[in-house]
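Please look at the sequence and the model before reading on.

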Amino acid sequence: QTGTDPYLYPNTDWNELLYRTAQINTHNLRVSGGNENTRYAFSLGYLNQDGVLLGTSAKQYNVRLNLDSKVSDKFNYSIKISGKHEDVYESPVGSGTLTGWVNRAKPYYTPLLADGRYGDTWIGGASQNSLAEAQNGENHTGEDIVVFNLSGEYEFFEGFKYKGTVGVAQRSSLQKIFRPELFTYNPKTLAPTSLASGGTSL
């Protein structure tokens, strides 16, 4: 009877429900110039990407500055600075776990009931409703990376030069997870079941 009743006997294509065609938008701006003694290059970048898995996306911002200067016939230096901020969004259980749920989901699992509540299955044990997990809560990771490099070269006399380089890199990240308590409902009895996805509901 699979497919004869969309709620009691569904024939759900979970891949079609949870995967989508994703778009990527990128924007870049670059400015460069200088003279015979000094050259500079400055760039800004922005990326906005939707994930192919429902409930996933990423944004990235980056900036870069390169400066090369010849102070005199004996001394020159170079400065390179780059920074990046990235925001990654996914479901509270994470993309890897959600993908596993989708792969294990059976066609006779009911994604939604007629009244819009998230469905379950009345055949066997409770299911893990991937659609409910993808559409609710948030798992946001923000990461910042800053890299600074300074190098200089000085010629004490012909044939004897000293070059020094110093670099600093800093990386920080913060993850915030919000998982509301979710319930799925047996399509035959309408009995609720808590959607257990690990962690603590908020």
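Which residue in E2 is the bridge partner of Gly 34? The partner in E2 is Arg 39.

## Basis of the model

The model is predicted, with local features needing pLDDT of at least 70 and side-chain atom pairs pLDDT 80 or more, while totals for chains, interfaces and linings use all residues. Residues are numbered from 1 along each chain as its sequence is written, and side-chain values use heavy atoms, leaving out hydrogens and water.

## The sheet

An open sheet is formed by 6 strands in the order E1-E2-E3-E4-E5-E6, with antiparallel pairing. Strands are DSSP runs (E, at least two residues) numbered from the N terminus, and two strands pair if DSSP finds at least two bridges between them. Strands E1 (24-34) and E6 (160-178) stand at the edges with a single partner strand each, so one side of each has no neighbour in the sheet.

E1 pairs with E2 (residues 38-50) in the antiparallel sense over 11 bridges.

## The nonpolar patch

A nonpolar patch on the surface consists of Leu 29, Val 31, Tyr 40, Phe 42, Leu 44, Val 63, Leu 65 and Ile 81, with about 610 Å² of accessible area together. Such patches join nonpolar side chains (Val, Leu, Ile, Met, Phe, Trp, Tyr) within 5 Å, from residues with over 30% relative accessible area and no salt bridge (a side-chain nitrogen of Lys or Arg within 4 Å of a carboxyl oxygen of Asp or Glu). Areas come from the Shrake-Rupley method with a 1.4 Å probe, and for residues only the protein chains shown count as cover.

E1, E2 and E3 (57-70) are the elements giving two or more residues to the patch; E2 gives the most, with 3 residues. Ile 81 lies in strand E4 (residues 75-90). Ile 81 counts as partly exposed because its relative accessibility is 34%, between the limits for buried (under 20%) and exposed (over 50%).

Note on methods: Helix = DSSP H or I, 4+ residues; strand = E, 2+ residues; numbered from the N terminus. Patch = residues over 30% accessible without salt bridge, like charges linked within 9 Å, V, L, I, M, F, W, Y side chains within 5 Å. Buried < 20%, exposed > 50% of the residue type's maximum accessible area, 1.4 Å probe, protein only.
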